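Here's a quick briefing to read alongside the model. Start with the pocket, then move on to the helix and the cores.

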Amino acid sequence: KYNMEKENLSVVLHSQGDLRLEQRPIPEPGPNEVLLQMHSVGICGSDVHFWQNGRIGDYVVKKPMVLGHEASGRVVKVGSAVKNLKEGDRVAVEPGVPREIDEFFKSGKYNLSPTIFFCATPPDDGNLCRFYKHSANFCYKLPDNVTYEEGALIEPLSVAIHACRRAGVTLGSSVLICGAGPIGLVCLLVAKAMGASQVVITDLSADRLVMAKELGADFPLTVKREDGPEEMAKRVEGLLGAQPHITIECTGVESSVQAAIYATRPGGVVVLVGLGAAMTTVPLLNAALREVDIRGVFRYCNTPVCCTYCNRDNQSPGHTINI
């Protein structure tokens, strides 16, 4: 039996395939930090990938690391200089915290800073534990009508907001989303919220496409592994009646990336969200000759999530959670 108030049970990855439950000391928050009692922590594909493979690209697990970065919790202790939070506040956690005020920080692209702290990215510990300390400036108070579970999901939602912004989704955009997994589905929600008029979403799984339809996809499109990229592009054009302005690629699969480029109309944008092989063969000349922009996405930055709510008399204030 564990004492929930005094012990800090944590999910620790030691090396590839070696995942353990361990007791760790309860950390003491610094002057600008808060101590959180964690409530909800999502399991991201990156957590699973680190567990199964021990690395993602250049990020290699070399020492024990606590997993988890999609998180919410309750403030149980505040640092001496913290003014924006108090004990008892329910917060969502932005897991990426700049360590330096460098050129990336100053230009508003702090997610690209090479020295950024990010939960559960080697060598930085995550927050899949009972107690966790974090920068108070990167903890955001949750409105009363937002649950802890919803608060934890603000992190993957931020990936979609950043992707749709990078893509330039706006009123009337036609959008192709490759992959109807969690990130593909949240990209669908955000694209629709930003004004996309028609969205095609593809996947191998019929069940995922049923969910996509329920969430507002105009054209769920089942793909097969043997489908050729150019054939897929033609099918997308047939559904929309024209090539989409924007494609958001959420699988990282080489053939899907190829189809994304072929499908997008001249002058359009392909945004790469899914992480695949380090070297991927793509029809680059096709993209160049048609001026199709290919843009990367790395996490997110400055992604305000509107949580405005009103009571029956329209008197309740609005809230914004900046992640």
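Strand 11 (131–135) is the top contributor to the lining of the second largest pocket, giving five residues. Keep in mind that this is a predicted model: local features need pLDDT of at least 70, side-chain atom pairs count only at pLDDT 80 or more, and totals for chains, interfaces and linings use all residues. Numbering runs from 1 along each chain as its sequence is written, and side-chain values use heavy atoms, with hydrogens and water left out.

**The second largest pocket**
- The pocket lining has 21 residues, and Glu33, Phe117, Tyr132, Lys133 and His134 lie nearest the centre.
- Besides strand 11, strand 1 (8–15) also gives two or more residues to this lining.
- By class, the lining splits into nine nonpolar, seven polar and five charged residues. Here Ala, Val, Leu, Ile, Met, Phe, Trp, Tyr, Cys and Pro count as nonpolar, Asp, Glu, Lys and Arg as charged, and the others, Gly among them, as polar.
- A pocket is an open set of points on a 1 Å grid over the protein atoms alone, where a 1.4 Å probe fits, with protein on both sides within 12 Å along at least five of seven lines; lining residues have an atom within 4 Å of a point.

**Helix 5**
- Helix 5 (residues 182–193) has 12 residues and spans 17 Å from first C-alpha to last, close to the 16 Å expected at 1.5 Å a residue (1.5 Å times one less than the number of residues).
- Helices (H or I, at least four residues) and strands (E, at least two) are DSSP runs, numbered from the N terminus.
- Gly184, Leu185, Val186, Cys187, Leu188, Val190 and Ala191 of this helix are buried, meaning under 20% relative accessible area with a 1.4 Å probe and protein chains only.
- Those buried residues pack against helix 4 (154–167), strand 13 (174–178), strand 14 (198–203), helix 6 (206–214) and strand 16 (246–249).
- After helix 5 comes Gly195, with a positive phi near 110°.

**Nonpolar cores**
- The largest nonpolar core has 31 residues, and Val169, Val175, Ile177, Ile201, Ile248 and Val273 touch the most other members. Such a core is a set of buried Ala, Val, Leu, Ile, Met, Phe, Trp, Tyr and Cys residues joined through side-chain atoms within 4.5 Å.
- Leaving aside neighbours within four places in sequence, Val169 is in contact (heavy atoms within 4.5 Å) with Cys164, Val175, Ala191, Met194, Ala196 and Ile246.

How values were computed: Buried means under 20% relative accessible area, exposed over 50%, partly exposed in between (1.4 Å probe, protein chains only).
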